[in-house]
Amino acid sequence: MMGSVKRLANAVAHGLREGHPGLHKTVVSKLALAVGAMIEGQTPNTVELANLLPLDTERQDRREQWLRRLLKNPRLGPAVVIAPFAQAELAKASCQGQTVLLNMDQTDLGDRMALLRVALRVGDRALPLAWRAPGGGAQIGVARQRGGLGKILAWLPAGARVLLSADRFYPSAALFTWLQAQGWSYRLRLKGNVLADTGAGDETTMGALAPGVLERYLTGVRLFAPEIITNLGILHEDHHPEPWIIAMDAVPTRASVLDYGARGAIEPMFSDFKGRGFNLEDSHLRHADRLERLVLIMALAMYWCVRVGRDEARHHPTPLEKKSMRNTTPRIGASRNSIAAWFRGSPAGCVASCGAFKTTSHCLLSWPESN
C-alpha cells in the first residue's frame, strides 16, 4: 500500500512542480505524499492518513507529528497552492466563449465549523476553486463569500462570462451589489421569508408569492433595500417538494429559472468530499486553518484524479464514451471529454481506472493541462 502511495506521490509532485516552480522542494514532496495518501485512503482521519505515509520511521507518533506540522505549515496557503490549477480549469471552461458556471454552497461540520465552497462546473460535476472554514455552524457572512469570489475573479481570463448559482441561505444586499458590480449573471435561490416589493402594493414575502403557483415571473422587484432591484422566477415542478424562487439578472422565464439546475453539479462534488469519497464530516480537526489545508489536500487529489480520468477517456475510451464523443455537443463550460472523465475521475474511479496505480506510466501527467 505504501508503495502505491509513493508512486502516486511521485506523479503528483511532478504536477505540483509544474504548477509551482518556485515552491520549496521539501514542501512539494510533503504535500505530494499527503495527496497520495489521501487518494489511497480516502479518509479525513489524521491518524489513519498518517499511517499510510511512506516515511522512514515505524513510530506512529512521528507520522502523526509529521502530518500535524504539514497542516500547520503557513506556506500551504490553499488559495496560493490551488491557483494555477484553478486558473487552468477556468481557462478551459471559457476558452470558446462558454459561460463559466460557478456554484456556491455551505456545509456544516457539526456545530464546530462550517465550510464555504465555490466550485466550477465541469461536465456533470464540479471542481473546488475556493473555500473557507470559519468556526461555528452559522451562516457564513458576505465578507467571506466575497473573499472567495474575489480570488476567482482574479483568476478568470479577461472577458470571461460568469453565471453564479447559490443556495437559498446566501442572498444578501451586499452579495447582489457585488455581483452586479462585476457584471456576473446570477441565479440565487431565495428563502420564503425574504421581503420583496413587487410594485403591486405593500411589501410581501417570497413565501406569500409562491403558494399554489406553478409558474410566476416578475421583473423589477426590490429586495432587502431600495437599491437592490432584480427579477424573480417561481417554478414548482411536480417532482419537487418545494418551489424554486430564483432571483436572476436575466428576463425571467421557465428556461432561466431552470438555469439554477446547473447548481446540481456541486452535489457529486459534495459526495466526493463526504460519504462517497473522503468522508470530510468525520474529521475531528477544530482549527479552521488546518481544516482548510486538509481540504486543499482533498482538492488536489480530486484535480489529479480528474486529470487521470481525462487522459483515460482521451486515450482509452470505452465504446460508450466513443459514441458520446461522436454524437454529443459540448455543454456550456465543459470540455468534450469532461463527463466521461469525471465519471472515472472520482476518488474511487481514479483508483479503479489506474489499477490502484500498480502501473503508472500513463498517470505521470503534468498539471495544469494545456488547452
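Glu242 is partly exposed, with a relative accessible area of 37%. On this scale, buried is under 20% relative accessible area, exposed is over 50%, and partly exposed falls in between, using a 1.4 Å probe and protein chains only. Bear in mind that this is a predicted model, where local features need pLDDT of at least 70, side-chain atom pairs count only at pLDDT 80 or more, and totals for chains, interfaces and linings use all residues. Residues are numbered from 1 along each chain as its sequence is written, and side-chain values use heavy atoms, with hydrogens and water left out.

Back to Glu242, which has a charged partner: Glu242 and Arg189 form a salt bridge, with their closest N and O atoms 3.8 Å apart. This pair links distant parts of the chain, as Glu242 sits in the loop between strand E9 (229-235) and strand E10 (244-248), while Arg189 belongs to strand E5 (residues 185-189), 53 residues apart. Arg189 itself is buried, at a relative accessible area of 10%. There is also a network here: Arg187, Asp249 and Asp259 are joined into one by salt bridges that share partners.

A word on terms. A salt bridge is a side-chain nitrogen of Lys or Arg within 4 Å of a carboxyl oxygen of Asp or Glu. Helices (H or I, at least four residues) and strands (E, at least two) are DSSP runs, numbered from the N terminus. Side chains of opposite charge can pair when their charged atoms come close. By the salt-bridge rule, the count comes to ten.

Here are three of those pairs.

| Pair | N to O distance |
|---|---|
| Arg59 and Asp61 | 2.6 Å |
| Arg132 and Glu292 | 3.6 Å |
| Glu242 and Arg189 | 3.8 Å |

Take Arg132 and Glu292, whose salt bridge has its closest N and O atoms 3.6 Å apart. Arg132 lies in strand E3 (residues 125-132) and Glu292 in helix H11 (residues 288-315), so this pair ties together parts that are 160 residues apart in sequence. Arg132 is partly exposed at 32% relative accessibility, whereas Glu292 is buried at 14%.

What about Arg59 and Asp61? Their side chains meet in a salt bridge at 2.6 Å, N to O. Arg59 is partly exposed at 42%, and Asp61 counts as partly exposed too, at 41%.

Gln42 has a phi near 50°, a positive value in a residue other than glycine. Where does Gln42 lie? You'll find Gln42 in the loop between helix H2 (25-41) and helix H3 (46-51). With a relative accessible area of 18%, Gln42 is buried.
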